[in-house]
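The sequence and coordinates come first.

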Amino acid sequence: MAKMPLVLVPGLTCTRALWGAQIAALSDVADIHVGDHTQDDTMAAIARRILAAAPAKFALAGLSMGGYIAFEIMRQAPERVVRLALLDTKATLDPPEATLAAWLDRAVLDGHLWSQSRTWDPEGILSTFPA
């Protein structure tokens with residue numbers, strides 16, 4: 001029996017490693033691809049990149065921001081998605097302070113920023129940027 005193509009899209013601060021257990025558990029029944037959400041600046045561009053790399057028809061699962069991207073994939077090419085799983089996501093975008101907090105967390109985890117403490121004041125950081 002042919003394996004079902006499955007595209008997994010991680011959340012903002014997550015990598016392929018997020019899906020490690022699912023990849024291991026599903027690899028005998030699914031041809032798994034992990035969408036790259038790190039190269040583009042908009043949901044539309046991220047979705048286009050994932051669609052360009054995806055099989056013609058596929059199942060799709062998105063976690064958190066990956067769910068936002070999954071919504072955009074559905075908007076751009078609903079005929080290509082045969083199954084959809086939206087995990088811990090919502091149909092509205094996060095407020096700017098939540099997006100900034102996630103971006104800074106990812107930068108610290110990737111070693112691009114040093115953090116003495118994991119506690120910080122996003123309102124204070126946001127107040128330094130012009131409205």
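Q: Is H37 buried or exposed?
A: This is a predicted model, in which local features need pLDDT of at least 70, side-chain atom pairs count only at pLDDT 80 or more, and totals for chains, interfaces and linings use all residues. Residues are numbered from 1 along each chain as its sequence is written, and side-chain values use heavy atoms, with hydrogens and water left out. Buried means under 20% relative accessible area, exposed over 50%, and partly exposed in between (1.4 Å probe, protein chains only). Because its relative accessibility is 9%, H37 counts as buried.

Q: Which backbone oxygen does the side chain of H37 reach?
A: H37 sits in the loop between β2 (30–34) and α2 (43–53); helices (H or I, at least four residues) and strands (E, at least two) are DSSP runs, numbered from the N terminus. Beyond its neighbours within four places in sequence, H37 has contacts (heavy atoms within 4.5 Å) that include P10, G11 and L12. At 2.7 Å, its side chain reaches the backbone oxygen of G11.

Q: What distance separates the C-alpha atoms of A44 and Q76?
A: A44 lies in helix α2 and is partly exposed, at 21% relative accessible area. Leaving aside neighbours within four places in sequence, A44 is in contact with E72 and Q76. A44 and Q76 are 32 residues apart along the chain, and their C-alpha atoms are separated by 8.2 Å.

Conventions. A polar contact is a pair of N or O atoms within 3.5 Å; within protein, one must be able to donate a hydrogen and the other to accept it, and residues adjacent in sequence count only if both atoms are side-chain atoms.
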